[in-house]
Amino acid sequence: MTLSAETQQVSRKVLVAVVDGNAEHRRQVAIALTSFYQLADYANLDFALMELAHTPPCVILLDEMSTLRRGGDPITEIRRQLPGTPIIIMEEHLPNRVVAVTGTADARLTKPFRRSTLIKTISALVNKTVEAHWETLAPQYRDSLKRTVESFNNISDLIDRGEPLAFGDVSSACAPLVDAVRNHDFKVILDGVKDHDNYSYVHSLRVATLLSLFGHTLGLKGDALNVLACGGLVHDIGKMTIPHDILNKPGRLNDEELKVMHSHVSRSVDYLSLCPSLPHGVLTIAAQHHEKLDGTGYPNGVKGAELNELARMASIVDIFSALTDRRVYKEPMPPEDALSLMTERMDGEIDKHLLGMFKGMLLEAVSP
Ligand SMILES: [Fe+2]
Ligand SMILES: [Fe+2]
């Protein structure tokens, strides 16, 4: 079985270039970014431009004292040689400093900057570039991506403000996605988020897409498909309130961290329960997607027949997506390996009959 071509995520981290004459500062930036991005660091801008012409970075971090051998403004030259590459200027907070870089950058950071600020700034620019590319896609793909990311970001704002989510808003945001799925026309959508740097959004969009496709394959129609897409998009929203360090920790979580991570389910349920317009199916998907048929899941150890059909489907899609997602700390597992692992090592935990149908669906989706 070979599913790799269409459904497998490309294995790579986003490339970030750093240009700074100060070796110690380059070292510090490298330490800060190393688990999140692939790094290329340069003491000299002329050399950086020569090298980066072959492998353009997604973002360039430029010290404000950087100069060019032939003179001229470094930003203008970077824009000429690496069009579309966002530039972050790293400036010193010194009085009367003489600055070599004068053009307009996409963002500025004053040294010394916090690691979290650096990562947040890079991430926002990477996403801006990826989202700008969506404008070039056909309307059904463009709308699926733009409207779901808007809806996802909006939910994050609503949670911050303690305001309920209106189901009509999520539902209409997911409508283009459901249309694309109904036409088995979703591969461009999954490709469109490969380089997006908001992992929670990428995972949720992949679950929404595969879950509604699963529903469509099982013969569900209309509102039911919409519930699956919306349930997929919001199933992990409780993670929006989990600390970044736990959410993105490379390696194993300790018991305390695991407890916090598992609490994303009750956080999702607490918030979604405050949204009166939400269909029950959406809430069920969020509440039960980590439960297992043999009762070993969380948060309630729900067992066998108590496990809702939608949640059984969501659990399969969620596990498959998590295994095949690209994370900063792990390579994506090839889809065929993920399905073998689910078949061989999760016996008794997931619904075998549904898993068989899910496998068949993926095979059909990638067949020529
Ligand atoms: Fe989850
Ligand atoms: Fe999930």
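Q: What spacing do the donors of the iron ion (ligand 1) follow along the chain?
A: The spacing is D-x27-H-x24-H-H. The residues behind this pattern are D236 (OD), H264 (NE2), H289 (NE2) and H290 (NE2).

Q: What is the ground for reading this model?
A: The model is predicted, local features need pLDDT of at least 70, side-chain atom pairs count only at pLDDT 80 or more, and totals for chains, interfaces and linings use all residues. Residues are numbered from 1 along each chain as its sequence is written, chains are lettered from A and ligands numbered from 1 in the order in which they are written, and side-chain values use heavy atoms, with hydrogens and water left out.

Q: What makes an atom one of the donors of the metal?
A: A donor is an N, O or S atom within 2.8 Å of the metal (3.2 Å for Na, K and Ca). The four protein residues coordinate the iron ion (ligand 1) at 2.1 to 2.2 Å. These distances are within 2.8 Å, so the atoms count as donors. Water is not among the atoms, so a site may look incomplete.

Q: Why is the site of the iron ion (ligand 1) called irregular?
A: Its four donor atoms make angles of 85 to 173 degrees. Four donors are tetrahedral if all angles lie between 85 and 135 degrees. Four donors are square planar, and six octahedral, if opposite donors are over 155 degrees apart and all others between 65 and 115. For background, the ideal angle for four tetrahedral donors is 109.5 degrees.

Q: Which residues are the protein donors of the iron ion (ligand 2)?
A: They are H203 (NE2), H235 (NE2), D236 (OD) and D318 (OD), at 2.1 to 2.2 Å. Along the sequence they are spaced H-x31-H-D-x81-D. This site is irregular too, with angles of 83 to 174 degrees among its four donor atoms.

Q: What bridges the iron ion (ligand 2) and the iron ion (ligand 1)?
A: The bridge is D236. The two ions lie 3.6 Å apart. H203 lies in helix α9 (residues 199–217) and H235 in the loop between α10 (222–234) and α11 (244–247), so this pair ties together parts that are 32 residues apart in sequence.

Q: How do you know whether H264 is buried or exposed?
A: Look at its relative accessible area, which is 1%. Buried means under 20%, exposed over 50%, and partly exposed in between (1.4 Å probe, protein chains only). So H264 is buried. H289, at 2%, is buried as well.

Q: Why is H184 called partly exposed?
A: Its relative accessible area is 39%, so H184 is neither buried nor exposed. H184 sits in the loop between α7 (167–182) and α8 (187–192). Its phi is near 55 degrees, a positive value in a residue other than glycine. Most residues other than glycine have a negative phi.

Q: What makes the pair of E163 and Y271 a polar contact?
A: The backbone oxygen of E163 lies 2.7 Å from a polar atom of the Y271 side chain. A polar contact is a pair of N or O atoms within 3.5 Å; within protein, one must be able to donate a hydrogen and the other to accept it, and residues adjacent in sequence count only if both atoms are side-chain atoms. The distance of 2.7 Å is within 3.5 Å, so the pair passes on distance. Y271 is in helix α13 and is buried, at 9%.

Q: Where is S66 found?
A: S66 is in the loop between β3 (59–63) and α4 (74–81). Its relative accessible area is 8%, so S66 is buried. The backbone oxygen of D63 lies 2.7 Å from a polar atom of its side chain.

Q: How many helices and strands does the chain have?
A: There are 17 helices and five strands. Helices (H or I, at least four residues) and strands (E, at least two) are DSSP runs, numbered from the N terminus.

Q: Why is the chain called as compact as a globular protein of that length?
A: Its radius of gyration is 22 Å, close to the 21 Å that the globule rule gives for 368 residues. The radius is taken over C-alpha atoms, and the rule is 2.2 Å times the number of residues to the power 0.38.
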